[in-house]
Every structure is written in C-alpha cells, then in structure tokens.
Amino acid sequence: MKKGLFTTLFTFLFVATLFGQSSVNWDYKAYPELPFLLNSIDLEVTVEPASALIKATGTYRISSKQPNLKQVVFNTSNVDVKEVSRNGQPLDFRVSSDSLIIQLQDTLNAEQGTSFLVTWESSSPYGINTDVYGNLWTSLNPRSRHHWIPIPDHPEVESVINASFTIPADLQVVFNGNKVGDEVVSTEEKRVEWSSETAVPVSRITFSVGSFQTESARSGVKEVSIHASENALLEGVRSGLLSIAVESLKKYENTFSYEFPYSALHIVVLPDNHWEEIQSGAGVIYLYQNLGSLSSQLKRGIAEQWLGNYHRYLDAPDSRYEFLKALVTESDESVPLLNPDDLQSIQGWNEWVQGIGNMQDEFLKQTIRESLPELIQQMQGVSGWSEYADFWYDQTGTYWKALPEPLMNKDEEAQKGYTYQVDYRYDELEPSLTLYFRAESEPVGTLAGLELVQYGFMDTTRSEITFTGASDSVAVELISGVEYVTLNPRTDFDLTLKEQKPFMFLIRQLRSSNPDEKIEAARQLRDYTDNPDLQLALQDVLEAEGEPEVRAAMLATLGEITQGASGTEQNFLEQLNSDNLATKLSAIRALTDYPGNEQVRYAVRNTLIRAEIDTVFATALNTYGKLAEADDLISLTERLERSGDADKAINVLQVAVQTDTTRESISIADRMALGDYPYSIKKQALNILLSYEQNQEYWNQTIEMLMSDRDPRIRYQSLDAVQYLSAKKTVDVLKDRRKEEMDPRVQVKISRVMGN
C-alpha cells in the first residue's frame with residue numbers, strides 16, 4: 001500500500017497569523033524513532049472535571065519491529081508518572097525532557113510482544129480544556145496528547161483502544177469508538193465503558209465530559225450521535241444537525257467510494273473553541289458555537305474524517321487538506337466560519353470556501369475531485385501532497401507541485417459602483433425642472449440610463465433620461481400639476497444617486513403609496529431641519545402612517561428637527577415599546593438629545609436592561625452612555641453582573657470606564673478578568689485593564705496570576721502588560737513563564753517579547 005510523508009513541494013503555503021502575530025510551526029517530526037508497534041491500549045481513567053484532573057492507568061501491548069529491543073520511549077509532558085509495572089513487578093523508568101523511557105523486563109526480538117502498565121496523573125492546561133459551563137475535553141492540537149496520556153504521540157502510530165471512565169454520576173463521557181457499558185457505582189460516581197475495535201491514530205484520540213444529552217441515529221450500520229448540554233441547542237437544531245450528519249455521511253461515502261473509516265461518529269457541541277486548531281478526532285467532531293455555522297462545521301468535520309484523520313498529515317494546520325475538504329463540501333453550500341481567535345485552520349477553510357469556485361484550472365479541480373475515491377483506496381495513515389502529485393502525474397502527465405491560488409476578486413470590476421450628486425433646480429412659477437449630475441468619484445464612461453417618474457395630481461407618467469461624464473445636466477419637461485418626481489437607475493452597473501430634491505417635492509412624496517419612496521423622502525428631509533414647517537408636516541403625516549419602517553424613518557428625521565426641545569420627548573418615549581425594531585431604534589437614538597431629563601434617562605435604562613436583541617441593547621447603551629453619569633453606569637454594570645448578564649455588564653463597563661474617576665470600574669474589570677467567567681468576558685475585561693490601568697505595582701501582582709490562567713488566549717493577551725513592568729521584572733516574569741509554558745503560540749510571543 002502506498003504510504004509516505006509530506007514534503008515541501010507544496011508552495012501554496014497558507015500564511016496565517018495568530019492574533020496578528022507570526023504563525024507557529026506545528027509540524028510533527030518526519031521520521032520518529034518507532035522500533036515497536038502499539039497493538040492496543042486499555043485505559044482506566046478517573047476524571048475530576050471540577051479540578052481538571054485525570055488519574056489513569058494504561059495497559060499497553062506492544063510488539064517489536066527490531067531485534068534486541070530493551071527499552072521503550074513514549075512522549076510525555078506535564079504528566080506525573082507514578083508507576084510502571086508488568087505482572088505486578090515494577091519496571092525501571094525515567095522521565096527525561098518530554099520522554100518517558102521504560103526499561104523492559106525482557107529483551108524483545110523482532111515480532112515478539114510484551115505488555116506493561118503505566119499509572120499517572122495530569123491536569124495539564126495544554127492537554128486538558130475546561131470551561132465555566134462544566135465541560136472538560138482533551139485537546140486535539142498537535143502534540144497535545146502526551147500532555148494528558150503517556151503515548152508515542154505521532155500520526156504514524158495507531159492502536160485499538162478500550163477505556164473505562166469513572167466520572168461524576170450526573171455527567172456523560174464521549175470517546176472514540178462505541179459506548180459498551182454504563183454502570184452507577186455510587187451516588188456520586190459511575191463507570192462508563194468505551195471501545196474502539198477499529199485502530200485509531202493516537203494523535204486523534206480525545207474524550208469529553210459534560211452534562212450532555214444524546215440523540216442518535218443510524219447511517220447504515222454506523223451509529224451517529226450528537227451530544228450537547230440541554231440548553232445548548234434548540235430541539236429542532238439538534239435534530240437538524242443529526243439529519244445533516246447522516247445525510248453527509250452517506251453522501252461522502254458515495255463520493256469517496258469508501259465507507260466511513262471509524263466504527264461510530266460522535267458530534268459534541270461546545271460553546272467556545274478554546275483556541276483549538278484541530279476540531280475533529282477519529283470518529284469525534286467538536287462543534288464550537290463561537291465559530292459560526294454549526295452545519296458548515298459539521299460537514300467540514302465529516303470530510304475531515306477521511307481527509308485529516310484516515311489520511312492524516314504531519315503539518316498542521318494544513319491548507320492543502322482544507323482545500324480537499326472544501327472541494328468535497330463545495331456542492332453542500334458550505335459557508336465561511338467565524339474566526340474570533342484567528343485560527344489558521346479556520347482561515348484556510350474560509351479562503352478555500354470562498355475561492356475554490358474561482359480556480360481557473362477546471363481540469364486540475366476536476367481531476368482532483370474524480371481521483372479522490374482511488375486515492376482513499378490506495379493510501380492511508382500519513383499521506384502527503386507529493387504522493388497525491390505523483391498519482392495525478394501518472395494520470396495526466398502534469399506534475400502539480402502546488403494548488404493554484406484562487407482568484408478572490410475576479411468579479412471586482414463587475415461590482416464597481418458609481419456615486420452621483422443630483423441637484424434639482426425647480427422653478428415653480430414656470431414650472432420647469434433641470435437635473436444637475438455631478439460625480440463624487442470616478443465618473444461613468446458611458447451613458448447612464450434612468451427612469452424618471454412624475455407624480456401629478458391626476459396622472460403619473462414615466463420617461464427615460466440619460467447622463468454621462470463627471471458632470472451633466474438634463475432638462476425635464478414637466479406634466480401639468482406635478483407634485484414630485486423619482487429617479488430609478490436602469491444600468492448594468494451599481495449606481496447610487498444622492499438626490500437633493502425641493503422641500504415641497506419631499507413633503508408631497510411623504511404621502512406616496514410606495515413605502516420606499518416615503519422612507520427616502522423622510523431621509524432627504526433631514527437636509528431641511530431649519531424649515532419651520534417641517535415639524536408640523538411630519539407630525540401630521542405620522543398620525544396617519546401605519547407602516548412601521550416609514551414611521552421609523554420619520555421619527556429619525558423628527559429627532560433631528562426637535563434636537564431635545566422640551567416637551568417633544570413624548571414623540572419618542574411612546575415608541576420604546578414598539579414591536580417594530582426600526583421604529584424602536586429610531587426612538588432610542590432620538591432620545592440622546594435629552595440630557596438631564598430624568599424620565600428619558602430612566603426609560604432608556606429600562607430599555608437597555610430588558611433588551612433581548614443585540615442591536616436594541618447596543619443602541620440603548622450608546623444613548624444611555626451619553627445621558628448617564630459614570631456612577632450610574634457602574635451601578636448598572638453591577639446590577640447586570642449580579643443578575644447573570646455578564647455579557648451586558650462588560651459592555652456597560654466599557655462605557656463607564658471612559659469617564660470614571662473613582663477607579664471603581666477598574667476594580668470591576670480586575671474581578672472579571674481574574675474571575676470565573678467565559679473567555680469572551682475575561683478578554684474584554686483584560687482589554688479594559690490594559691487600556692486604563694498603568695500602575696506598575698498593580699501589574700507586578702497581577703501579571704503572574706494572568707499568566708497562570710488555563711486559557712492560552714488569556715496568557716497570550718496578558719503578555720501585553722509587560723509594557724507596565726520594570727525591565728528586570730519583565731525578564732524575571734518571562735523567564736519563569738518560559739519554563740512553564742506549553743502552548744507553542746504563547747511560547748513564540750514570549751520569545752518575541754524577549755527579543756530572541
């Protein structure tokens with residue numbers, strides 16, 4: 001069977017950044033020393049989620065590839081190895097650097113086997129992820145397995161694995177393979193048995209523990225299950241994802257002409273990605289709610305079971321595999337994912353999802369797509385681009401060292417737009433009208449056509465007019481009794497008109513039967529806020545207007561006219577309870593003009609507290625921030641925090657800190673940054689501290705606590721605080737942290753800050 005490793009032939013390397021910083025080398029060693037086969041692993045694992053602690057015993061069965069094998073070397077890091085034994089007799093072992101070196105009881109010859117037992121504990125923050133919702137799961141980042149289990153941690157190694165988990169009785173555990181037993185052993189604990197009779201790559205083993213509810217279905221003989229906390233997904237969404245999984249599994253099996261490579265598929269839904277570059281293991285897919293479309297994540301994760309797990313790579317993240325996954329899911333209308341933490345793998349996926357349709361070499365794309373079934377059949381384990389390129393060369397006689405970069409902006413010219421100012425010169429006595437067109441930027445080079453509609457007292461007429469160039473004018477022959485006119489572009493390109501109509505045209509247009517025309521009239525009337533007749537005209541039309549979007553536009557214009565005049569606030573207070581979003585938002589914005597009005601401030605505060613829609617909350621906060629004093633904002637922050645609305649609280653705090661002179665907002669930010677909050681809250685709180693707290697003594701005490709946070713993103717962000725430390729303190733902190741730090745991205749930033 002054809003088998004090999006990635007080479008550097010692939011020149012289209014996806015150069016991504018982490019939080020705007022240099023990318024990290026995740027590569028595994030190309031040819032590790034592996035003089036033995038790992039035949040099976042039996043695990044006895046006790047998980048204490050509250051303390052992120054794993055206590056485990058593993059029975060490993062190996063066979064030698066070479067004569068005279070006397071010792072076995074496993075990878076291990078940040079794992080406390082308690083004992084190594086065989087048949088109850090201790091074996092000599094030592095831990096050196098990142099290696100567990102075990103002296104075998106007997107020297108093995110080629111193909112001879114033995115077994116031994118290892119007992120250990122781990123609470124490594126690089127190998128074990130936890131969140132404030134009580135979930136614990138083991139990392140799939142490259143070379144993270146040996147931070148929670150002693151193992152030859154390399155994609156070349158695969159094994160059958162059986163595992164028995166002892167966990168809190170009210171939680172569930174998900175592992176590679178199938179659940180084969182579930183037994184309550186006490187009121188506090190239960191034991192759950194899992195087995196993967198199909199060998200899985202040890203670099204893709206993972207388990208998760210949480211208060212999951214499970215829903216299952218079958219795709220042929222394979223079981224498909226989705227595991228999510230009770231309140232994490234609506235029932236319809238849960239069932240919908242399960243249906244997508246079953247349908248996608250069948251579809252990709254047909255695409256590849258090869259059945260799903262693992263015994264079962266488990267989908268675990270979690271709130272936050274915890275900076276995980278790899279989102280799926282062998283038969284396990286993690287969906288993270290902060291990465292956006294769950295269905296796109298799911299389809300990508302299922303494709304990755306073949307192209308990333310069955311065929312697996314040494315270089316991670318690897319945009320070549322993202323290309324193959326995007327190629328497979330292209331017809332599924334997958335969408336780009338959110339990427340709040342600048343994950344290279346997600347950025348690579350997004351590039352290909354958007355750009356794969358722009359690849360000009362259709363022959364290359366079609367050849368790759370059609371060859372996947374044969375590639376899947378011929379290759380397994382660690383497979384590389386050079387192997388694929390050899391395969392395609394045999395078929396086509398062309399050696400593709402790399403994929404062509406997709407043309408992301410080929411439609412840019414077609415989408416090019418033009419903007420023109422249009423002045424109306426209207427003589428009511430004549431009557432006559434001349435339209436003056438003036439380009440705001442690049443002018444059109446051809447004739448631009450417009451439909452001109454004249455609305456009269458008795459009749460409506462339509463005609464065509466044209467203009468061109470940087471400036472132009474068109475005389476319009478008016479009908480008798482014309483009340484107003486409209487212009488509608490009739491062009492193949494995007495044309496924006498900024499019209500300046502006569503006041504009376506706009507007033508009459510407010511009574512149009514077309515809501516869009518009324519909205520446009522209301523907006524253009526903001527150029528006439530000094531006209532004494534406008535307020536009365538708007539209020540007169542408002543009383544009879546039933547279209548919510550039109551009312552919203554009129555309210556916005558009315559707000560610009562009244563400018564906080566005493567007694568006019570009722571126009572807007574009455575709309576705070578409107579069921580129409582646009583109307584409510586216009587009213588909230590208009591109330592900004594009533595500083596010192598206690599009734600307005602109280603009403604906006606209540607709207608902010610009750611807001612269930614993000615745009616309502618953000619708009620109300622913007623208004624309230626201009627009406628309230630800093631102590632009012634701090635009081636509101638604390639109220640929201642106590643009620644469990646930490647997301648709202650941190651947003652209010654970001655406004656309060658701008659005018660707070662008491663440092664109370666700094667104290668709240670400190671509590672949130674160091675407290676038991678979701679990452680999104682801690683990140684924003686830390687941003688406040690980094691922006692507004694410059695006291696050296698504070699940072700002397702705080703930076704070490706932040707650098708001990710389990711979340712690598714917080715450790716990464718907190719390195720920005722060294723700007724407030726003395727040179728000596730900076731060196732001491734970074735040297736100490738470098739010894740403890742395990743996340744390679746944080747390590748890179750430490751080295752950069754230290755200048756080496």
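**Entry 1: the largest cavity.** I sorted the lining of the largest cavity by residue class and found 7 nonpolar, 3 polar and 3 charged residues; here Ala, Val, Leu, Ile, Met, Phe, Trp, Tyr, Cys and Pro count as nonpolar, Asp, Glu, Lys and Arg as charged, and the others, Gly among them, as polar. I note that this is a predicted model, in which local features need pLDDT of at least 70 and side-chain atom pairs count only at pLDDT 80 or more, while totals for chains, interfaces and linings use all residues. Residues are numbered from 1 along each chain as its sequence is written, and side-chain values use heavy atoms, with hydrogens and water left out.

The lining holds 13 residues, and Y28, S203, R204, Y313 and A316 lie nearest the centre of the cavity. Its volume is about 70 Å³, and the structure holds 3 cavities of 30 Å³ or more. On a 1 Å grid over the protein atoms alone, a cavity is a set of points where a 1.4 Å probe fits but cannot get out, a pocket is an open set with protein on both sides within 12 Å along at least five of seven lines, and lining residues have an atom within 4 Å of a point. Grid points are joined across faces, edges and corners, and a volume is the space filled by probe spheres set on the points.

**Entry 2: the largest pocket.** I looked up the largest pocket next, which has about 1100 Å³ of space. It is lined by 39 residues, with V132, Y133, P678, Y679 and S680 closest to its centre. Helix 14 (614–627), helix 16 (646–656) and helix 18 (679–692) each supply at least two lining residues, where helices (H or I, at least four residues) and strands (E, at least two) are DSSP runs numbered from the N terminus. By class, I found 15 nonpolar, 11 polar and 13 charged residues in this lining.

**Entry 3: the second largest pocket.** About 660 Å³ of space lies in the second largest pocket, and of its 30 lining residues, N75, D98, R143, H146 and D153 are the closest to the centre. Two or more lining residues come from each of strand 3 (69–75) and helix 22 (744–754), and strand 3 gives the most, with 6 residues. The lining of this second largest pocket divides into 15 nonpolar, 9 polar and 6 charged residues.
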